[in-house]
Amino acid sequence: LLLGLNGLHHYVPSVPKYPVYFPALRIFEGKVVLPLRVTFAWVGFFYLVNLDITFSIWVFYVLGKIQEGIFKAVGIASTEQLSLYSFSQTADLTHQAMGACLVFVLYSLWIGRKHLREVWRKAWDRNAEIDDSGELLSYRTAVFGFMGSLVFIGVWLWASGIPLIILPLFVGTCLIFYVFVTRVIATAGVATARSPMVAAFFVISGIGTSVIGAKGLVALTFTYVWQSEMRLFPMIACANGLKLAESVKGTKKRLFWAMGIALVCSLAGATWIILTICYDHGGINLHKFFMNHQAMRTFTDMARVVKQHPVALDMRGWVFTGVGAAIEGFLMFAQHRFYWWPLHPVGFVISVGWLTGQIWFSVFVAWMLKSIIVKYGGARAFNVAKPLFLGLILGEAVVAGFWLVVDWLMGEVGNSITNM
């Protein structure tokens with residue numbers, strides 16, 4: 001109903017409009033800003049997430065902003081400029097999150113080392129007594145397909161201008177980010193997540209630009225297309241799909257072809273739609289952020305680095321990467337060691353960034369409501385209230401779809417309902 005008023009306000013300005021954004025909270029004499037935004041769908045999603053995770057997300061986000069404020073107030077904040085994807089916080093916080101991400105992913109791989117060893121063994125020995133009949137692909141196909149893909153992308157990147165010596169670091173960082181985002185969403189239940197920084201700028205900050213060269217920097221710019229914005233990365237949907245497929249008995253190999261067909265159809269459809277609307281209406285006349293600002297900032301982002309070339313590696317960044325890694329390691333240790341420990345490692349690793357800034361207050365609201373419901377009503381009250389919070393998700397999606405149809409019929413544009 002409230003979001004529906006926003007749609008109606010576009011046609012009848014006298015109808016009151018529900019504010020999507022509330023006045024931001026400014027601390028440390030306005031040097032640090034905490035966005036205050038309550039999105040109904042986010043509240044619904046995070047009601048379903050464990051309390052220790054939601055508590056940790058908003059607590060670590062606020063603590064990070066306090067750290068940023070203290071550093072700015074005493075004049076020791078980092079002056080390093082990273083990607084525009086990291087504009088919402090100082091470089092110190094970004095590097096801390098990067099260190100936490102490395103520990104989070106590497107520890108996950110270490111936990112699964114036995115299974116990975118079996119996969120590797122089965123790939124080379126078909127007679128090994130390891131059953132992979134219930135998997136999406138045979139282990140042999142998966143391993144050799146993965147290795148072939150790495151070779152292909154490595155040759156492609158090298159031919160585009162990226163020096164061979166930095167390819168392992170760059171591709172390895174991208175793979176770590178893919179595993180990170182997928183695991184956070186698929187296993188922790190968090191609705192969305194981003195990598196702490198763009199892989200290209202982790203390489204630039206970590207080793208400097210002298211090794212990369214101007215040609216390599218330009219080549220790294222074009223990798224933004226597939227390694228900067230990871231919220232829509234297919235691996236996330238595949239992981240969730242495989243989890244659902246566990247309830248289906250028998251082989252799942254047909255699911256692989258279904259996923260492949262879906263990817264091809266999505267790619268073809270999206271390409272056709274973008275080209276069609278851009279040629280029919282002119283890209284410059286479409287959404288200002290996605291079709292103008294976002295399209296240009298990829299190149300302006302790297303142009304700044306090319307102008308400053310050569311840029312030395314940032315040792316301070318490595319120090320804070322180590323700090324973040326140590327904190328994440330301690331959180332993992334404490335979570336497994338102490339049953340009463342309230343802070344979850346996932347909360348710290350995703351506590352930094354523009355995306356978390358947009359959702360943290362909704363996370364806080366969901367955590368507070370769920371805490372009250374569970375404390376005074378127990379599990380029964382939680383289940384009774386669940387349809388209400390699922391309705392928040394469905395309601396936001398339905399009202400956005402309804403006004404999309406109305407705007408199409410009326411020939412209207414620019415009717416913004418929600419920015420979920």
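Start by selecting Lys-72 and Glu-68: their side chains form a salt bridge, 3.1 Å from N to O. (A salt bridge here is a side-chain nitrogen of Lys or Arg within 4 Å of a carboxyl oxygen of Asp or Glu.) You're looking at a predicted model, where local features need pLDDT of at least 70, side-chain atom pairs count only at pLDDT 80 or more, and totals for chains, interfaces and linings use all residues. Residues are numbered from 1 along each chain as its sequence is written, and side-chain values use heavy atoms, leaving out hydrogens and water.

Both residues sit in helix α3 (residues 51-74), 4 residues apart, about one turn of the helix. Helices are DSSP runs (H or I, at least four residues), numbered from the N terminus. Glu-68 is buried at 5% relative accessible area, while Lys-72 is partly exposed at 30%.

Next, pick Arg-316 and Asp-92, whose side chains meet in a salt bridge at 2.6 Å, N to O. Arg-316 is in helix α14 (residues 315-337) and Asp-92 in helix α4 (residues 91-111), so this pair ties together parts 224 residues apart in sequence.

Last stop: Trp-367, in helix α16 (residues 354-410). What does Trp-367 touch, not counting residues up to four places away in sequence? Leu-51, Thr-54, Phe-55 and Trp-58, where contact means heavy atoms within 4.5 Å.

Key:
Helix = DSSP H or I, 4+ residues; strand = E, 2+ residues; numbered from the N terminus. Buried < 20%, exposed > 50% of the residue type's maximum accessible area, 1.4 Å probe, protein only.
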